[in-house]
Amino acid sequence: MIDFTDIAHWVQLLLVLGTAFSVYFLLLFILEQWTIKRGKLKPLKNTDWDDVRQLRDRGQLYWAIRRLRQLKRRKGVRLNYEDAWKALNDL
């Protein structure tokens with residue numbers, strides 16, 4: 001026979017993890033929109049390779065890698081973080 005209390009605990013764990021991931025990605029989105037609104041970051045549609053270089057040179061490596069990956073993704077290329085670091089160093 002199946003112990004339903006054990007399954008209920010797994011379901012609760014999955015719900016908590018799903019909620020945590022959702023909140024994390026929502027906060028990242030809000031942070032990105034806030035930095036765009038403050039003028040620290042350009043919107044993606046107005047971003048070019050020079051902007052990625054400027055972000056890298058200013059020490060904003062997280063945003064530089066994020067924008068580089070987004071620009072490459074618009075061209076149909078998906079980069080992992082290791083390849084993005086290499087591409088960022090090659091700019």
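This is a predicted model: local features need pLDDT of at least 70, side-chain atom pairs count only at pLDDT 80 or more; totals for chains, interfaces and linings use all residues.
Student: Which residues of α2 are buried, and where do they lie on the helix?

Tutor: Good place to begin! The buried residues of α2 are Asp-51, Val-52 and Leu-55. An α-helix has 3.6 residues a turn, so residues three or four places apart point the same way. Looking down the axis of α2, we find its buried residues within an arc of 100 degrees, so they line one face of the helix.

Student: What span should α3 have, and what does the model give?

Tutor: Let's work it out together. The helix α3 has 14 residues, and at 1.5 Å a residue it should span 20 Å. The C-alpha atoms at its ends agree with this, as they are apart by 20 Å.

Student: Which residues does Trp-63 touch, leaving out those up to four places away in sequence?

Tutor: Leaving out residues up to four places away in sequence, Trp-63 touches Leu-31, Glu-32, Thr-35, Leu-41 and Leu-55.

Student: Are α3 and α4 roughly parallel or roughly perpendicular?

Tutor: Their axes are 10 Å apart, and the helices pack at an angle of about 100 degrees. The contact includes Leu-61 and Ala-64 of α3, together with Tyr-81 and Trp-85 of α4. Angles of 65 to 115 degrees count as roughly perpendicular. With that angle, α3 and α4 are therefore roughly perpendicular.

Student: Is Leu-17 buried or partly exposed?

Tutor: Leu-17 sits in helix α1, which covers residues 4–38. Buried means under 20% relative accessible area, and exposed means over 50%. Leu-17 has a relative accessible area of 41%, so it is partly exposed.

Student: How far apart in space are Leu-17 and Arg-73?

Tutor: In sequence, Leu-17 and Arg-73 are 56 residues apart. In space, C-alpha to C-alpha, their separation is 27 Å.

Conventions:
Residues are numbered from 1 along each chain as its sequence is written. Side-chain values use heavy atoms; hydrogens and water are left out. Contact means heavy atoms within 4.5 Å. Helices (H or I, at least four residues) and strands (E, at least two) are DSSP runs, numbered from the N terminus. The expected span of a helix is 1.5 Å times one less than its number of residues. Buried means under 20% relative accessible area, exposed over 50%, partly exposed in between (1.4 Å probe, protein chains only). The arc is that of the directions from the helix axis to the C-beta atoms. Axes are lines fitted to C-alpha atoms, for helices over the stretch in contact, and angles run from 0 to 180 degrees between N-to-C directions. Angles under 35 degrees count as roughly parallel, over 145 as roughly antiparallel, 65 to 115 as roughly perpendicular and the rest as oblique.
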